[in-house]
Amino acid sequence: CRPSPAFIELGRDCTLCIHEATFEDSMAEDARIKKHCTITEAIDVALAMNAYRCVLTHFSQRYPKLPTLPSRASSKVIMAFDSLSFSLANLRWAPLSTP
């Protein structure tokens with residue numbers, strides 16, 4: 001989904017935002033055309049929501065490694081991977097699982 005004020009308001013002050021981040025930032029036009037988000041767009045949505053944590057998911061398989069997260073979001077963002085699981089009770093520690 002593309003970033004929208006309505007979505008941000010719907011998730012305001014949520015505990016957990018799970019957001020797709022299909023495209024790297026250099027592919028913003030492709031993301032727009034295909035109605036997906038870049039990594040930075042997804043992070044910006046979670047920050048605008050004031051989400052406690054954000055799980056980024058739905059990465060394109062064209063990327064062989066995890067992207068570098070902006071420092072402004074590193075304490076809030078969790079990079080999803082196959083079979084990821086964590087307890088909401090341990091959500092405060094979850095960003096430490098991202099390399």
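1. Arg 53 has its place in strand β2, residues 53–57. Helices and strands here are DSSP runs numbered from the N terminus, a helix being H or I with at least four residues and a strand E with at least two. A word on the basis of this note: the model is predicted, so local features need pLDDT of at least 70 and side-chain atom pairs count only at pLDDT 80 or more, while totals for chains, interfaces and linings use all residues. Residues are numbered from 1 along each chain as its sequence is written, and side-chain values use heavy atoms, with hydrogens and water left out.

2. Arg 53 is buried yet has no salt bridge, and the nearest side chain of opposite charge, Asp 13, is 13 Å away. Buried stands for under 20% relative accessible area, exposed for over 50%, and partly exposed for in between (1.4 Å probe, protein chains only). For charge, Lys and Arg count as positive and Asp and Glu as negative, with His and the chain ends not counted. A salt bridge needs a side-chain nitrogen of Lys or Arg within 4 Å of a carboxyl oxygen of Asp or Glu.

3. The structure holds four salt bridges. In one of them, the side chains of Arg 2 and Glu 41 meet at 2.7 Å, N to O. Arg 2 lies in the segment before α1 (5–10) and Glu 41 in helix α3 (residues 39–49), so this pair ties together parts that are 39 residues apart in sequence. Arg 2 is partly exposed at a relative accessible area of 25%, whereas Glu 41 counts as buried at 19%.

4. Two further salt bridges deserve a mention. Glu 29 and Arg 32 meet at 2.4 Å, N to O; both lie in helix α2 (residues 28–33), three residues apart, about one turn of the helix. Glu 29 is partly exposed at 45% relative accessibility, and Arg 32 is partly exposed with a relative accessible area of 45%. Arg 12 bridges to Glu 9, with the closest N and O atoms 3.0 Å apart. Here Arg 12 is partly exposed at 36% and Glu 9 is partly exposed at 48%.

5. Now the cysteines. A disulfide is a pair of cysteine sulfur atoms within 2.5 Å, and by this rule the count is zero.

6. Finally, Ala 89 is found in the segment after β3 (77–79). Is Ala 89 buried or exposed? At 67% relative accessibility, Ala 89 counts as exposed. The C-alpha atoms of Ala 89 and Ala 51 are separated by 16 Å, and these residues are 38 residues apart along the chain.
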